[in-house]
Amino acid sequence: NRKKYHDLITKNIEYSNALEEKNQELIALKNRLESVNAGLNLSNRTLHHDIANKMLSLELTKHLLKKGRVEDALKKLDRFYESVNEIISNSKVKEKDMEWVVEQSNVKIYDVLVEAASDFQGIANKKGIEIECILNIDKNLTLLTNKVSLQNNILSNIIHNAIKFSHEGGRIIITADIVDNDLKISVIDFGVGIAKDK
């Protein structure tokens, strides 16, 4: 009887240890799933926000059509289509060992800044705001980055906020300089600024 009890206790301890090990695996999987879910939620919000920002660029297209500048309007529509397509493609989930992977390439910064400013020219015009680009960089200067994220997640949001919080008839200056071997990009507005609670 003593040996039977001893064997039972030993097996019980083994089962308990195995159960604890599986429990730890489940906790780790739960944490990884929560992380992936948070990433998907962020991706969804970003996608919605960036496409909504791009919709604003259609204002300039409407303005061009009203003036009879059909060729220019068609170019803007092509740019809009290409840009939204890039945003959607960039938002597709790419997983590698449950880590988020962002594709990078050498991006011409000058072109990205000009495109970002151009995308918002329509809504800037509506408020009588002048967007001025002072780009003191080589037109072929490249940066290893994700173009869609840089242009749509970062620059477009900053430029849109600069317009949103600027006075009518105001001015926004976009600058790019090399300072101590670093690229410095500034978006300067002269408006009311974003309220601290926002």
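**Figure 1. Leu 8, an exposed residue in a predicted model.** With a relative accessibility of 56%, Leu 8 counts as exposed, since the cut-off for that class is over 50%. This is a predicted model, and here we look at Leu 8 within helix H1, which covers residues 2-56.

**Figure 2. Helix H2 and its buried residues.** Helix H2 spans residues 58-66, and Leu 60, Thr 61 and Leu 64 are buried in it. Looking down the axis of H2, you will find its buried residues within an arc of 105°, so they line one face of the helix. Just after H2 comes Gly 68, with a positive phi of about 80°.

**Figure 3. Asn 152 and its contacts.** Asn 152 sits in helix H6, residues 147-164. Its relative accessible area is 2%, so Asn 152 is buried. Leaving aside residues up to four places away in sequence, Asn 152 touches Asp 50, Lys 54, Ser 83, Ile 87 and Asn 157.

**Figure 4. The whole protein, for orientation.** Six helices and seven strands make up the secondary structure of the protein. The radius of gyration is 26 Å, well over the 16 Å that the globule rule gives for 198 residues, so the protein is more spread out than a compact globule. Along the principal axes, its C-alpha atoms fill a box of roughly 100 × 40 × 35 Å. Of the 198 residues, 28% count as buried.

How values were computed:
Residues are numbered from 1 along each chain as its sequence is written. This is a predicted model: local features need pLDDT of at least 70, side-chain atom pairs count only at pLDDT 80 or more; totals for chains, interfaces and linings use all residues. Side-chain values use heavy atoms; hydrogens and water are left out. Helices (H or I, at least four residues) and strands (E, at least two) are DSSP runs, numbered from the N terminus. Buried means under 20% relative accessible area, exposed over 50%, partly exposed in between (1.4 Å probe, protein chains only). The arc is that of the directions from the helix axis to the C-beta atoms. Contact means heavy atoms within 4.5 Å. The radius of gyration is taken over C-alpha atoms; the globule rule is 2.2 Å times the number of residues to the power 0.38.
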